[in-house]
Amino acid sequence: KRKRVKQREVQEVHEKTIGDHFLSALKLEGKFLRHGEDDSETDLLYSLEGKTLGIEIATAFYHNQQAEIESQLALGKFKSTLFGAPRAVTNDQDRVIVSIARWELDDKCAQRYAGHEVWLCIELQAPRLKLAEALQLADAISIPVRHNFARIYFGFHALPDGKGFTVLRRF
């Protein structure tokens, strides 16, 4: 049971960090209220301009092994000098990250969230991605017609371009 609690805590820290990165990159000053309590609420709830904003977070990795390594590192169970370095990424890395981001988008759009204005923020864990490539990738991902998000964003750390966390709005 303790293991699940620790994993949940790590996940909540990750989600809040990403939510804060998105708001900061958008130059918005939201006040964090709390984490969502169940599947009908978004991952994060903020107060923004006197209203409650729900933010659902998703992260697209190059592959599941990268996600597992990141998780194990966060839990303190995996020691590696390869932290953050994508492993076994093919030359087709753009297609891979688009495919995973599209899956995350479809999964989140199929769900319904209660109450608040709801945003979807998908973080692309793609350290080799350049800004120009990210713009093309975001445009290549079609947004499902049916969803209940007021806004949909993609965000990533634009490392090759020397920029910090960068956000691209898609809806």
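In the predicted model, Gly54 has Val118 of β4 as its bridge partner. Strands β3 (residues 51-61) and β4 (residues 117-125) run parallel and are joined by nine bridges. Helices (H or I, at least four residues) and strands (E, at least two) are DSSP runs, numbered from the N terminus. Residues are numbered from 1 along each chain as its sequence is written. The model is predicted, so local features need pLDDT of at least 70 and side-chain atom pairs pLDDT 80 or more, while totals for chains, interfaces and linings use all residues; side-chain values use heavy atoms, without hydrogens and water.

The sheet is open and mixed, with six strands in the order β1-β2-β3-β4-β5-β6. Pairing requires at least two DSSP bridges between two strands. β1 (31-35) and β6 (165-169) form the edges, each pairing on one side only. The twist from one strand to the next averages 30°.

Two helices lie across the sheet strands. Helix α4 (residues 131-140) lies across β5 and β6, at about 30° to β6. Axes are lines fitted to C-alpha atoms, for helices over the stretch in contact; angles run from 0 to 180 degrees between N-to-C directions.

Thr166 counts as buried because its relative accessibility is 14% (buried: under 20% relative accessible area, 1.4 Å probe, protein chains only). Its side chain reaches the backbone oxygen of Gly164 at 3.1 Å. Beyond four places in sequence, Thr166 touches Leu131, Phe154, Gly155, Phe156 and Ala158 (contact: heavy atoms within 4.5 Å).

Terms used:
Buried means under 20% relative accessible area, exposed over 50%, partly exposed in between (1.4 Å probe, protein chains only). A polar contact is a pair of N or O atoms within 3.5 Å; within protein, one must be able to donate a hydrogen and the other to accept it, and residues adjacent in sequence count only if both atoms are side-chain atoms.
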